[in-house]
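Subject: Structure handover

Hello,

I am passing on the structure below, and my notes on it follow. Please read them with the model open.

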Amino acid sequence: MWRRDRNHRSQDGTRILAMVITDEQTSFDPQDRTSWYIDDAVTRLRLWGTEYAHPLPEPRVPLKLGSAPSCEVRLHDKAARLSREHAMLIPEATGWEIHDLDSKNGLWVAGTRTTKTALQPGVKIQLGGLTLVAESLKFIGLRSLVCRLLGWAPARQAEVDEALQSLRNSAIDRTPLILIGSGDLAPVAARLHRVTLGPDAPFLHDDGGDVSAAIHAAMHGTLCVPIRNRARASAIADAVHAVEITARPRLVLCARKAKDAAGLGAKPGQLAVISMPLLSARTDEMRRIVNEAADQLVKEVGAPSSGFTTHDHQRLPNIKFKGMADIEDTVRRVIVMRIFGLTKGAERLGLKHSSLSTWARSKGRNLST
């Protein structure tokens, strides 16, 4: 039998499962896990690839969507495929339901034509030539994270929305996801896992051990596999694909370059790719990346604020980071050091104070202690 080590955590606090052979029975019931953690109330409709969003009212009232001036949600479709009164949002006890109003080009939700359906966070809605995204507070938080990974520039927002759909599909349909970027991608995969599948779903980082045990441990959660050995990654993809879909772990394959993952999609079937741009190409966004990472990590480490000094604000955006995980690790250490002091901060990080001091003052960081 296998056992999960509940005390092993990644740098961002997400539990990582360590495999041990044991004869113990476990009370863990993977059927208790849900596939898509983002299940809170839809609060707005946002135009695909943009920041333009229409908030939905509370208390909820019926809303008509279309191009006519009489519609409560008036939309403009350059392709002229939107009907004057195209669809209706109906409030129900469990949330919003969208109905087609016998429109010429129909109502499409999550790629399927329908006459009516309940709105779920993250679902893509197509009305004529327009595409909208139903968003909740949790989904807006996920979008903020994906923007941090991919960029805030208007030209990148369609790519952000494609990535969000990939994350939703991989959570619900258990389709493989390829994550491409520099540095250690396991903490990035862990953070995406935590937001999309929930903090209690199992997350396993492949360490080269027994494949069947790893898949078993990661069922209903995420199995993160760095593509170091293509033959092993391909074998894991095949083995995961063979698992019945209701129990199948979400497979995340991590690669530094797209060519490293080329061809792996042929065996597991449908998959999606999220490719993070090099940080060297995002120098104009580095201050925002650091600040948003700090905002998130302040809550996670239990600090009242980042405690950043003027020197930190000036220095951190100019450090040559290896990747997103390096940014989070650096920002976490600085926050803990500033709020709790060098000695107690080092204890909280599981380091010696001399090691933390040496790290901060090292060439390339030059942070004060």
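The count of cavities of 30 Å³ or more comes to four. A cavity here is a set of points, on a 1 Å grid over the protein atoms alone, where a 1.4 Å probe fits but cannot get out. Grid points are joined across faces, edges and corners, and a volume is the space filled by probe spheres set on the points. The largest cavity has a volume of about 90 Å³. Its lining residues, which have an atom within 4 Å of a point, are L145, R148, L149, P187, V188, R191, L192, M324, A325 and E328. Helices α1 (137-150), α3 and α9 (324-340) each supply at least two residues of that lining, and α3 gives the most, with four.

Before the rest, a word on the source. This is a predicted model, in which local features need pLDDT of at least 70 and side-chain atom pairs count only at pLDDT 80 or more, while totals for chains, interfaces and linings use all residues. Residues are numbered from 1 along each chain as its sequence is written, and side-chain values use heavy atoms, with hydrogens and water left out.

Overall, the protein has eleven helices and 18 strands. Helices (H or I, at least four residues) and strands (E, at least two) are DSSP runs, numbered from the N terminus. Of the 369 residues, 50% count as buried; buried means under 20% relative accessible area, exposed over 50%, and partly exposed in between, with a 1.4 Å probe and protein chains only. The protein exposes about 17,800 Å², of which carbon and sulfur atoms supply 51%; these areas come from the Shrake-Rupley method with a 1.4 Å probe. Taking contacts (heavy atoms within 4.5 Å) with a separation of 6 or more, residues 24 or more positions apart account for 60%.

Back to α3 (residues 186-196): nine of its eleven residues are buried, so this helix is largely enclosed by the rest of the structure. Among the buried ones are P187, V188, R191 and L192, which also line the largest cavity. After α3 comes G198, with a positive phi near 100 degrees.

Now the sheets. Five strands form an open parallel sheet in the order β15-β16-β17-β14-β18. The edges are β15 (203-205) and β18 (272-275), each with a single partner strand, so one side of each has no neighbour in the sheet. From one strand to the next the twist averages 20 degrees, with axes taken as lines fitted to C-alpha atoms and angles running from 0 to 180 degrees between N-to-C directions. Two strands pair if DSSP finds at least two bridges between them. β15 pairs with β16 (residues 222-226) over three bridges in the parallel sense, and L204 has L223 as its bridge partner in β16.

D206 counts as buried at 7% relative accessibility. Not counting residues up to four places away in sequence, D206 touches C224, V225, P226, R232 and I236. The C-alpha atoms of D206 and C224 are 6.0 Å apart, although 18 residues separate the two in sequence.

L47 is bridged to L132 and K124 to V133. Two residues separate the strands in the hairpin of β12 and β13, where G128 takes a positive phi near 60 degrees. All seven residues of β13 are buried: L130, L132, A134 and S136 point one way, and T131, V133 and E135 the other.

K124 is also among the contacts of Q165, together with W48, G122 and V123, leaving aside neighbours within four places in sequence. Q165 sits in helix α2 (residues 157-173) and is buried at 9% relative accessible area.

A few backbone details remain. Most residues other than glycine have a negative phi, and most peptide bonds are trans. A80, in the loop between β6 (73-74) and β7 (87-92), has a positive phi near 55 degrees and is exposed at 65% relative accessibility. H220, in the loop between α4 and β16, has a positive phi near 70 degrees but is buried at 4%. E58 and P59 are joined by a cis peptide bond, with omega about 0 degrees; P59 lies in the loop between β4 (53-55) and β5 (63-66).

Regards

Conventions. On a 1 Å grid over the protein atoms alone, a cavity is a set of points where a 1.4 Å probe fits but cannot get out, and a pocket is an open set with protein on both sides within 12 Å along at least five of seven lines; lining residues have an atom within 4 Å of a point.
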